[in-house]
Amino acid sequence: ERVRGAYILHIRNEGRDAAAVRYVDQLPFFLKPLWHTAKVITDEGVRHGGLGLRGIGAVVSSGDNSEATKLVLDTVLPPGESVSIRVSLLKMHVHVSE
């Protein structure tokens, strides 16, 4: 059985100066991102179908079904601006053998 979900990240710079942001996360092997559903939302607008957007660098590594997915996001947020990322996920069934 597979279950759908979503990975949602929202970062906002509440300061008076630009902020360099590095966000690192790791998804367990049984959560598989559906990268074709990715949306990056900034104060400038929305980009569908990928993480590439001016000023945002993302490194994604997905292995086979036994490896975790690593996400590294690097960006600089001007004062008062925000960035959001949304990616649909599949939760894979984990087979247990005794």
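Read along the sequence, the protein chain runs through the pattern β-β-β-β-β-β-β. This is a predicted model, in which local features need pLDDT of at least 70 and side-chain atom pairs count only at pLDDT 80 or more, while totals for chains, interfaces and linings use all residues. Residues are numbered from 1 along each chain as its sequence is written, and side-chain values use heavy atoms, with hydrogens and water left out.

Q: How many helices and strands does the protein chain have?
A: The assignment rests on DSSP runs numbered from the N terminus, with helices (H or I) needing at least four residues and strands (E) at least two. On that basis the protein chain has 0 helices and 7 strands.

Q: What percentage of the 98 residues of the protein chain count as buried?
A: Buried means under 20% relative accessible area, exposed means over 50%, and partly exposed lies in between, with a 1.4 Å probe and protein chains only. Of the 98 residues of the protein chain, the share that counts as buried is 32%.

Q: Among contacts in the protein chain between residues at least 6 apart in sequence, what percentage join residues at least 24 apart?
A: A contact means heavy atoms within 4.5 Å. Among contacts between residues at least 6 apart in sequence, the share joining residues at least 24 apart is 72%.

Q: Which residue forms a salt bridge with Asp 74?
A: A salt bridge is a side-chain nitrogen of Lys or Arg within 4 Å of a carboxyl oxygen of Asp or Glu, and a search of the whole structure finds 2 of them. In the one that involves Asp 74, the closest N and O atoms are 2.8 Å apart. This pair links distant parts of the chain, 52 residues apart, with Asp 74 in strand β6 (residues 69-77) and its partner in strand β2. The partner of Asp 74 is Arg 22.

Q: Is Glu 14 buried or exposed?
A: Glu 14 forms a salt bridge with Arg 12, the closest N and O atoms being 3.2 Å apart. Arg 12 is partly exposed, at a relative accessible area of 43%. Because its relative accessibility is 66%, Glu 14 counts as exposed.
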